[in-house]
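Hi,

Here is the structure I promised to pass on to you. Have a look at it first, and my notes on the contact between its domains follow below.

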Amino acid sequence: MIELRDIANVRLGTRDLDGAERFGADILGLQPILRGEDRLYLRADWRHHSLSYFLGDPSESTVAFELKDWSALDAAQAELEAAAIPCGRGTSEEAADRFVHDFVWFIDPTGNRYEVVVRPFEANRPYHPNRPTGITGLGHVGMNTTDPKRDQEFWLTHFNARISDWIGPAPLMRINPRHHQIALFPTTKPGVQHINHQVESIDDLLKAAYFLQDKQVRIVFGPGRHATSGGYFLYFEGHDGFTFEYSTSDRMVIEGDGDYRPRQFAMENESFCLFGAKPDILEFRR
Ligand SMILES: [Fe+2]
């Protein structure tokens, strides 16, 4: 069992780093902290970065999770190898590029690439966005799956993931008390389905909704409230067509609370939004 602590960062390929920087800083509201010829790092909280871009193919994106025990990376790699999961150790150059001490990459059965990292670098200085977004950090990712049952088993078998709820066949899973850090949405190919940052309050969400409208950014869902996590949300279209989300007040599931059971929600609009907002997101529609 590989014990994960939290989601660490998302790493996206792009052909247009200038566009990624404009979106990341001016629209999403992260702080660009490092820009090279083929790299861009954006900060959201106490971490060195929560989002990074490399010059390359947007379909070659990676999600990194921090291992709970910094000394357990060898054991994690051994477990992945024993299960014949495609995986490998990052080189020291690759670790430096990710601002982590060490990492192991692996591929899930759908073909999504992930990394487990140890000793990710701290920010050293406070996060200063260009505008007051209320962002408190990276929250979770939605990932594509070509077989939700198979991929759910993958996470439950090899990692400390637990189901918080399902919407239709899509599992929302947690590796710490916040309602979910990873959710799997059925589709036909691998990929990052959406990237969530948490914000402090519903005021931040509503301010963002007007800000995005003013900037002519396409809002694809919300403002609304999820029936599952209880979180208030807003989804919008980002650079390279990736979907980004802000949410706040996501429910906490207390570990060891034997009374909690994962709930099954129907695959219908009301499961995604209690208020009746309709998603313009393919994977959220049946
Ligand atoms: Fe989400």
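Domain 1 and domain 2 bury about 3100 Å² between them, with 69% of that on carbon and sulfur atoms; buried area is the accessible area (1.4 Å probe) that two parts lose on being put together, summed over both. Of the area that domain 1 buries against domain 2, Leu4, Ile27 and Thr110 supply 19%, more than any other three residues.

This is a predicted model, where local features need pLDDT of at least 70, side-chain atom pairs count only at pLDDT 80 or more, and totals for chains, interfaces and linings use all residues. Residues are numbered from 1 along each chain as its sequence is written, and side-chain values use heavy atoms, leaving out hydrogens and water.

The domains span 4-118 (domain 1) and 135-284 (domain 2), with bounds from an automatic or database domain assignment. Their centres, taken over C-alpha atoms, are 20 Å apart.

What about salt bridges (a side-chain nitrogen of Lys or Arg within 4 Å of a carboxyl oxygen of Asp or Glu): how many cross the interface? The rule finds zero between domain 1 and domain 2.

Best wishes
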